[in-house]
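Biologist: Before I use any of the labels attached to this model, I would like to hear what stands behind them. Can we go through them one at a time?

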Amino acid sequence: VLTLFLFLGPLVMEIIDILEEAAVDQKTQHGPYHNMSLSVILFEKFVDFCGSCPTDALFLRAQVVAPIAEEICYRLLPILLLSSTWSCSRLIWATPLFFGMAHLHHVFSMILFEGVPWHQALLSSLFQFFYTTVFGWFAAALFVNTGNVIGPIISHSICNAFGFPRINEINEYKRANLLWIIFVIGVLLFFFTLLEFPWAQYFPVVPCV
């Protein structure tokens, strides 16, 4: 739920894109959606997505294998191994740096194999380091406060599915102001729930110094 709050804006953008595609099909009487209602279109999209998932290697890697492997290696194991000597705040703020640094190697593949200029590759990798570290702070806080790695794995999968929010495209939409409001509401709901929810009353918090 926390992650869906954070990605409320991108989720609404995806729905708008589908509805606009459907509107064009219905107006021109061509395309796969020209004779469907909006609710049926959304349902068909969901069914198509679910049907293609088990056979899509990229989906399985990004939404299943990577979240499980990375959350175990960079969240579960470091936090449990260091929890006897590190404070909870240190676990939350420091361990995600390992996760962020694990993404810096992309700079070499971009320069050597994709022909990206070194300064652009460096900036891209530093941004990815920042983005993955910020997610790591959230995932670490989630794990420390719940004692369960399932939440971080699901959140990781959702983040991989959406990628970085397309903030630069918001003003291209007809109701850009409303979309900005939805983005802000989603972020506020995320932080309010993360900071105010009484985690200890419902979950076995990870014991730390």
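This is a predicted model: local features need pLDDT of at least 70, side-chain atom pairs count only at pLDDT 80 or more; totals for chains, interfaces and linings use all residues.

Biologist: What is the make-up of the lining of the largest pocket in nonpolar, polar and charged residues?

Modeller: The lining has 27 nonpolar residues, 1 polar residue and no charged ones.

Biologist: Why does Ser125 count as buried?

Modeller: Buried means under 20% relative accessible area. Ser125 has 1%, so it counts as buried. Ser125 sits in helix 8 (residues 118-146). Leaving out residues up to four places away in sequence, Ser125 touches Leu104, His106, Val107 and Met110.

Biologist: What makes Arg166 and Glu14 a salt bridge?

Modeller: The test is a side-chain nitrogen of Lys or Arg within 4 Å of a carboxyl oxygen of Asp or Glu. For Arg166 and Glu14 the closest N and O atoms are 3.7 Å apart, and the pair therefore meets the cut-off. Arg166 is in the loop between helix 9 (150-162) and helix 10, while Glu14 is in helix 2 (residues 8-28), so the bridge ties together parts 152 residues apart in sequence.

Biologist: Which other partner does Arg166 have in a salt bridge, and how far apart are the closest N and O atoms?

Modeller: Asp17, at 3.1 Å. This pair also links distant parts of the chain, with Asp17 in helix 2, 149 residues from Arg166. Glu14, Asp17, Arg166 and Glu169 are linked in a network of salt bridges.

Biologist: Why is Glu14 called partly exposed?

Modeller: Partly exposed is the range between buried, under 20%, and exposed, over 50%. Glu14 has a relative accessible area of 37%, so it falls in that range. Arg166, at 25%, is partly exposed, and Asp17 is also partly exposed at 25%.

Biologist: Are Glu71 and Arg75 buried or exposed?

Modeller: Both are buried. Glu71 and Arg75 form a salt bridge, with the closest N and O atoms 2.8 Å apart. Both lie in helix 4, 4 residues apart, about one turn of the helix. Residues three or four places apart in an α-helix point the same way because there are 3.6 residues a turn.

Biologist: Where in helix 4 is the kink?

Modeller: At Ala66, shortly before the proline Pro67, with a bend of about 40°. Ala66 and Pro67 are among the buried residues of helix 4.

How values were computed
Residues are numbered from 1 along each chain as its sequence is written. Side-chain values use heavy atoms; hydrogens and water are left out. The bend at a residue is the angle between axes fitted to the seven residues ending there and the seven starting there. Helices (H or I, at least four residues) and strands (E, at least two) are DSSP runs, numbered from the N terminus. Buried means under 20% relative accessible area, exposed over 50%, partly exposed in between (1.4 Å probe, protein chains only). Contact means heavy atoms within 4.5 Å. Ala, Val, Leu, Ile, Met, Phe, Trp, Tyr, Cys and Pro count as nonpolar, Asp, Glu, Lys and Arg as charged, and the others, Gly among them, as polar.
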